[in-house]
Amino acid sequence: NILTFNLFAICIFSCQVGLGEKVDIEAPSVKIASPERNGYILETFTAKGTAKDDTEIASLSLVLEQRDNPTEETTVRFRTSGSEWQRYNHTTGQWEEYTGVGTGIAGSKSYMDWSVTYTLDGSVENGSEYIITAQVYDKYGNESKETKDEVAVTVDKIVPNATVKVPSLTKNLSTLKSNSANYKLKDNTVLTKLINGEFTVSGSEKEEGSLDKVIVYLDAREDTTLNDLDNNCIMKKVIKGDNLRNWSTTFKLYEVSGYEHDKKYVRVVTESHDTAGNIETVCQGWFVYWNDADIPWVSAIFGGDDYAHKNSVYPSCSLQGQAYDDDGLSSVTIKLYKGDSTVAEKTEVKDLSTENYPKYKAWSIDALAENTDFRIEASCVDI
């Protein structure tokens with residue numbers, strides 16, 4: 001009937017659900033990417049990070065306060081206003097526009113890359129601790145543990161200090177040139193003073209905070225200037241990792257054209273970086289590089305200048321000689337030949353691995369028992 005139909009229609013009409021604005025119940029999130037937690041900062045530093053929301057970021061605040069004794073006057077407050085940063089002025093009680101190199105906002109309504117660069121008061125002492133807090137807001141005021149992020153940081157005003165332990169360096173190049181002017185190859189008295197082949201540069205760091213990296217430069221400069229190191233170096237190594245307080249790295253300088261032979265003077269420069277941003281660059285000194293000194297040699301002197309000199313010896317007497325190498329000797333081989341024969345009458349090979357590969361080895365071999373002309377040939381192999 002008509003009454004039943006009307007009641008049914010009213011029911012249907014009244015039960016329809018209207019489509020209104022979507023209800024936002026998801027909280028935004030913020031992350032401080034730099035400085036790192038429990039990290040170090042300079043007097044001038046940059047805090048940066050990201051913020052995001054499922055719909056729209058309304059604003060972001062950033063607060064810097066002393067860790068142990070925060071006061072309103074010493075607390076620094078920033079906030080975003082549209083696409084700009086503002087800083088709170090405690091004297092006037094007003095928010096003022098804040099700009100500068102390293103300060104900015106980029107992204108979209110729902111995602112933000114942010115950064116603020118700030119300079120602490122110059123009276124701030126080394127080791128002072130601060131808390132940096134970032135908080136993001138959406139227009140509905142949703143909150144969660146992700147809407148706030150904070151990091152503790154320590155002010156580091158002291159540059160690191162590097163010392164090179166190996167190789168032994170001379171601070172004055174003129175002194176090194178004078179001392180090394182008469183250096184000769186196959187001279188065991190200068191063997192430890194000549195760097196050659198693959199070699200290690202090692203050192204230590206003094207640093208109150210945390211180290212980031214050490215860069216070691218090798219170049220041919222003859223003064224202590226430190227400009228444009230990258231473009232003037234022969235080789236460089238960047239050292240990172242957990243053990244930077246005692247670092248080491250190896251170089252193969254002989255792979256560089258012009259350094260395969262001949263005596264060269266090489267300068268060592270270190271550039272130390274801590275995580276706060278302090279940098280120390282130091283000319284550590286010079287060393288002599290002579291790659292030909294990497295070749296081991298033997299001597300066998302029996303009254304003459306070398307083992308090719310003809311000497312008179314008794315049959316079966318002991319013939320002595322020496323072998324040298326700056327890195328260590330693997331073996332020494334001695335051969336005796338009759339006259340001009342190419343076939344050895346006697347051969348002795350001295351394996352030095354059991355002697356831990358010495359840098360010097362005195363060797364001997366008995367002469368032939370018969371009274372005849374013979375010659376001796378000795379050779380050695382390094383490790």
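This is a chat about a few local features of a predicted model.

Colleague: What should I know before I start?

Modeller: The model is predicted, so local features need pLDDT of at least 70 and side-chain atom pairs count only at pLDDT 80 or more, while totals for chains, interfaces and linings use all residues. Residues are numbered from 1 along each chain as its sequence is written, and side-chain values use heavy atoms, with hydrogens and water left out.

Colleague: Where does T147 lie?

Modeller: T147 lies in the loop between strand 10 (129-138) and strand 11 (148-155), where strands are DSSP runs of E with at least two residues, numbered from the N terminus, and helices are runs of H or I with at least four.

Colleague: Is T147 buried or exposed?

Modeller: T147 counts as buried because its relative accessibility is 3%; buried means under 20% relative accessible area, exposed over 50%, and partly exposed in between, with a 1.4 Å probe and protein chains only.

Colleague: And which residues is T147 in contact with?

Modeller: Leaving aside neighbours within four places in sequence, T147 is in contact (heavy atoms within 4.5 Å) with several residues, including A27, P28 and N142.

Colleague: What about phi of N38?

Modeller: Phi of N38 is near 55°, a positive value in a residue other than glycine, and N38 is exposed, with a relative accessible area of 58%.
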